[in-house]
Amino acid sequence: MPRWRRVAEGLRHSLTRDAEAIHHHYDVSNRFYELVLGPSMTYTCACYPTPEATLEQAQENKYRLVFDKLGLRPGDRLLDIGCGWGGMVRYAARQGVSTLGVTLSREQALWAQKAIAEEGLSDLAEVRHSDYRDVTETGFDALSSIGLTEHIGVRNYPAYFGFIKDRLRPGGLVLNHCITRPHNRPTSTGAFIDRYVFPDGELTGSGRIITEVQDVGLEVLHEENLREHYAKTLAGWCANLVEHWDECVAEVGEGTARVWGLYMAGSRLAFERNEIQLHHVLAAKTDETGNHGRPLRPWWSA
């Protein structure tokens, strides 16, 4: 719906309106996403270990990087909010980490639950069809948020990062992975994106994100920009759409397929031209003495 109609239907970023926005973007068709995203079913920026790496290798490497940055070990507990089709959930469970993922998309949750069962990971992995704000469990060793912050709304960041802090144990880590602006000024997503692709989406700069993380009392340990990696990721998705065009059109119709093609090609150009970026922000919940128990230097490999 146009924004004025969405306003009439409910407050921006209310539970009901957020659920409808996520439904619009992610419940298009699981088969369509399988064709465009590839076997990983990962709709977030990959991390290419080499320029020659395939999209699948880069997505696996992204999950490896997030896992390693969070310092996870067998027996730990991970909360993955906005978990999509459960890629991070299943990756962590394969390493012996008990992982809970939540997504507002029913189609994503059903797909992820089936994949978890087929891989024999049900003892360690769970995906719920739920708003992250409904998670009541606490004491997690780590929390990952991969591609959720774009949907939160900047003015809701204090509550969002406050929720994250409250779910972590002392010494726990959070990795926030999200699309950002190259500046921290308020900027509209544009009418096309807002109406046809990401309803109610909102981006800001990494400086604003770091500020909000710090203001809730989390200690920022590291941040990096993966802008070029997202341009390569989108190139891979565009190539998949072209390769499977007829099947994609048969699945979702020509209009939707064209919208996604335009959106992904335009986004690729925006990343290449440094009009948008992708930042990782790693932060810790220190204990009452200010200690987070981590090594003096980064413990992961790029």
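**Notes on salt bridges, surface and pockets**

1. Arg-258 has a relative accessible area of 51%, and because the cut-off for exposed is over 50%, Arg-258 counts as exposed. Please keep in mind that this is a predicted model. The side chain of Arg-258 meets that of Glu-254 in a salt bridge, at 2.9 Å from N to O. Both residues belong to helix H12, where they sit 4 residues apart, about one turn of the helix. Glu-254, at 41% relative accessibility, is classed as partly exposed.

2. Lys-114 is exposed, its relative accessible area being 53%. Glu-118 is exposed as well, with 58%.

3. Arg-90 and Glu-119 also form a salt bridge, with 2.9 Å between the closest N and O atoms. This pair links distant parts of the chain, 29 residues apart: Arg-90 is in helix H5 (residues 87–94), while Glu-119 is in the loop between helix H6 (106–118) and strand S3 (125–129).

4. For the overall count, a search of the whole structure gives 15 salt bridges. A network of salt bridges links Arg-31, Glu-34 and Glu-247.

5. Helix H12 (residues 254–272) also holds Leu-262. Leu-262 is exposed, at 54% relative accessible area. Together with Phe-192 and Tyr-196, Leu-262 makes a nonpolar surface patch of about 290 Å².

6. Helix H12 comes up again in the second largest pocket, where H12 gives the most to the lining, with 6 residues. Helix H10 (227–243) and H12 each supply at least two residues of that lining. The volume of this second largest pocket is about 400 Å³. Its lining has 20 residues, and those nearest the centre are Ile-193, Leu-203, Tyr-263, Ser-267 and Ile-276. By type, the lining of the second largest pocket divides into 12 nonpolar, 4 polar and 4 charged residues.

7. How many cavities of 30 Å³ or more does a search of the whole structure find? The search finds 1. The volume of the largest cavity is about 30 Å³. Residues lining the largest cavity are Leu-70, Gly-71, Leu-72, Arg-73, Asp-76, Asp-141, Ala-142, Arg-169 and Arg-294. By type, this lining is made up of 3 nonpolar, 1 polar and 5 charged residues.

Methods: Residues are numbered from 1 along each chain as its sequence is written. This is a predicted model: local features need pLDDT of at least 70, side-chain atom pairs count only at pLDDT 80 or more; totals for chains, interfaces and linings use all residues. Side-chain values use heavy atoms; hydrogens and water are left out. On a 1 Å grid over the protein atoms alone, a cavity is a set of points where a 1.4 Å probe fits but cannot get out, and a pocket is an open set with protein on both sides within 12 Å along at least five of seven lines; lining residues have an atom within 4 Å of a point. Grid points are joined across faces, edges and corners, and a volume is the space filled by probe spheres set on the points. Ala, Val, Leu, Ile, Met, Phe, Trp, Tyr, Cys and Pro count as nonpolar, Asp, Glu, Lys and Arg as charged, and the others, Gly among them, as polar. Patches are made of residues with over 30% relative accessible area and no salt bridge: like charges are joined within 9 Å, nonpolar side chains (Val, Leu, Ile, Met, Phe, Trp, Tyr) within 5 Å. Accessible areas come from the Shrake-Rupley method with a 1.4 Å probe; for residues, only the protein chains shown count as cover. A salt bridge is a side-chain nitrogen of Lys or Arg within 4 Å of a carboxyl oxygen of Asp or Glu. Buried means under 20% relative accessible area, exposed over 50%, partly exposed in between (1.4 Å probe, protein chains only).
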